[in-house]
Amino acid sequence: MQYRPALNKMKPYVPGEQPPPGKFIKLNTNENPYPPPAEVVKAIQSAATGPINRYPDPMATSFRRAAADALGLPGPEWVLAGNGSDEILTLLVRGFVGEGESLRLPYPSYILYRTLADIQGANWEQVPFDEPWELPQAFGQSRDDLKLVLLPNPNSPSGTVVPKQQISELAESLDCPLVVDEAYADFAEDNCLDLVQSNERILVTRTLSKSYGLAGIRFGFLVAQPHIVAELTKIKDSYNCDAISIAAATAAMGCQDWLSDVVEKMNATRQRMADRLSAMGFAVTPSHANFVWCQHPEGKHAEIHQYLKQSQILIRYMDFPDWGDGLRISVGTDEQIDACLLMMERAMQSLN
Ligand code: PMP
């Protein structure tokens, strides 16, 4: 079988384990431990009994209106809906980065960006964060072949944020679009939505998989100036979002009070979790997302991960070549986090 040569050097992007529901306490892929609001469930049920023999609205107009209202954007033409923010990222790479051209990402961050460049036959350049998770000057240097820069903010796996002022400065120094991947921004104090309106080179991606508790329906979106949304619309699948997801996502955007409550609750759990991990001797990176990144001076991260897995608790062990390894633990319910911390204490005792 002959595939495009670009595939030869590729390795598949490995997402976190997704076991069948029920067996594990699942703290490995930054989902929301709480179910979505009742209004969303109702919208899903009503869409499922609607005219499902018909194609959905190709532009997800109801969602785009609801998103513009909820986020204070000038109008729906500033929003492009996608099948998860992963699809939006795919469209951005497809739209801006040609074969042999380059995209840039910080390191360690979201490895999918590299896979998207590989698929495109493009190059990727990883710029390592300076300690402690600060962007070096080199991240903002422009270059002729550089066509897209991607910055998760808050970052994963660290949960750290690059200040907004610095993001503005980056956009000024770069000649290409700067994508601020705000998958976790609802858990942070600030975001870059207002910068999109003042600078066409700043593009924001969002997801409903995390704060809104809707990872199962796959819905994400882009916020960008209308001419960019219009251009990228040309290269999306005709019906990239299905009717049930559009109904759920539209209803979710109307649940901003629910969102504030759930974020407040999860951020309180995150703080408690960080304090307990610090007390256990972990170096815990201060997080602005729904997970924490921690490293123990004695290492043994892979062993701790394995110990927890045997006890039906899934957290994420991450090993970044030339950088180091650690554990990323998603915020769960208080009971889930208590169970996880207890098992981590036992793991530490048994591994010593
Ligand atoms: N961006 C970042 C930084 C992420 O961690 C994730 C989740 N893996 C995504 C985007 C994708 O989210 P989704 O496709 O579920 O919208």
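What distance separates the centres of domain 1 and domain 2, taken over C-alpha atoms? In this predicted model, the two centres are 25 Å apart.

**View 1. The two domains and their contact.** The domain assignment places residues 18-35 and 257-351 in domain 1, and residues 38-255 in domain 2. Where they touch, domain 1 supplies 24 residues and domain 2 supplies 23 residues. On the domain 1 side, the elements giving two or more residues are α9 (256-279), β10 (291-295) and β12 (316-320). Of these, α9 contributes the most, with 7 residues. By class, this side of domain 1 consists of 14 nonpolar, 7 polar and 3 charged residues.

**View 2. The nonpolar cores.** The largest nonpolar core contains 67 residues, and Leu103 and Leu148 have the most contacts inside it. Helix α8 (residues 243-253) is the main contributor to this core, with 7 residues.

**View 3. Surroundings of Leu103.** Apart from neighbours within four places in sequence, Leu103 is in contact with Val93, Val97, Tyr113, Ala117, Ala122, Trp124, Lys147, Leu148, Val149 and Leu150.

**View 4. The shell around the ligand.** Residues around the ligand include Gly84, Ser85, Asp86, Tyr110, Pro152 and Ser156. Asp181, Ala183, Thr207, Ser209, Ala215 and Gly220 also belong to this shell. Sorted by class, the shell holds 4 nonpolar, 6 polar and 2 charged residues.

**View 5. The annotated span.** An unreviewed UniProt entry lists residues 23-339 as "domain: Aminotransferase class I/classII large". The end C-alpha atoms of residues 23-339 are 14 Å apart, and the span is 37% helix and 19% strand.

How values were computed:
Residues are numbered from 1 along each chain as its sequence is written. This is a predicted model: local features need pLDDT of at least 70, side-chain atom pairs count only at pLDDT 80 or more; totals for chains, interfaces and linings use all residues. A nonpolar core is a set of buried Ala, Val, Leu, Ile, Met, Phe, Trp, Tyr and Cys residues joined through C-beta atoms within 7 Å. A residue is buried if 20 or more other C-beta atoms lie within 10 Å of its own, exposed if 12 or fewer, and partly exposed in between; C-beta atoms are placed from the backbone. Helices (H or I, at least four residues) and strands (E, at least two) are DSSP runs, numbered from the N terminus. Two residues are in contact if their C-beta atoms, placed from the backbone, lie within 7 Å. UniProt positions are given in the numbering used here, feature names are shortened, and annotations may be inferred rather than shown by experiment. A residue is near a molecule or strand if its C-beta atom, placed from the backbone, lies within 6 Å of it. Ala, Val, Leu, Ile, Met, Phe, Trp, Tyr, Cys and Pro count as nonpolar, Asp, Glu, Lys and Arg as charged, and the others, Gly among them, as polar. Domain bounds come from an automatic or database domain assignment.
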